Amino acid sequence: MNEWISCKERMPEIGQRVIATNGTFTGEAYLRGHRKAFYRPYESEWDAVFDEPVTHWKPMPLPPAKGVEA
C-alpha cells in the first residue's frame with residue numbers, strides 16, 4: 001500500500017478521491033475549489049466536520065481484479 005503523503009509536501013489533484021487523515025480520523029475525501037479545501041464524499045468540508053485539518057493523504061487503492069474471489 002502507498003505511504004502517507006504530507007500535505008506540506010504536496011496536495012492531491014483537485015477532485016481526486018483519496019484516503020485522508022488528521023491523525024485522529026481517517027476516511028475518504030477529495031480536494032475541491034479554489035481554496036483547495038478537503039471535502040468528505042457527502043459534500044461536507046472536512047474541517048467543519050472534524051475540527052482538525054487533513055495533515056496526510058494517500059491515493060485510493062485499486063479495486064480487486066475481476067474474477068478474483070475473496
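**Figure legends: the protein chain in close-up**

**Figure 1. Contacts across the protein chain.** In this predicted model, 46% of the contacts in the protein chain with a separation of 6 or more come from residues 24 or more positions apart. Of the 70 residues in the chain, 30% count as buried.

**Figure 2. Secondary structure along the protein chain.** The C-alpha atoms occupy a box of roughly 40 × 25 × 25 Å, taken along the principal axes.

Figure 3. Five strands form an open sheet in the order β1-β5-β2-β3-β4, and their pairing is antiparallel. Strands β1 (5–6) and β4 (37–39) stand at the edges; each has a single partner strand, so one side of each is left without a neighbour in the sheet.

**Figure 4. The pairing of β2 with β5.** Strand β2 covers residues 17–21 and strand β5 covers residues 56–59. The two strands run antiparallel and are joined by four bridges. Within this pairing, V18 stands opposite P59 in β5.

**Figure 5. Surface and charges of the protein chain.** The chain exposes about 5,100 Å², of which carbon and sulfur atoms supply 53%. The chain carries 9 positive and 10 negative charges. The mean positions of these positive and negative charges are 4 Å apart.

Definitions and conventions
Residues numbered from 1 in each chain as written. Predicted model: local features only at pLDDT ≥ 70, side-chain atom pairs only at ≥ 80, totals over all residues. Heavy atoms only, no water. Buried < 20%, exposed > 50% of the residue type's maximum accessible area, 1.4 Å probe, protein only. Contact = heavy atoms within 4.5 Å. Areas by Shrake-Rupley, 256 points an atom, 1.4 Å probe, with all protein chains shown as cover. Lys, Arg positive; Asp, Glu negative; His and termini not counted. Charge placed at Lys NZ, Arg CZ, Asp CG, Glu CD. Pairing = 2+ DSSP bridges.
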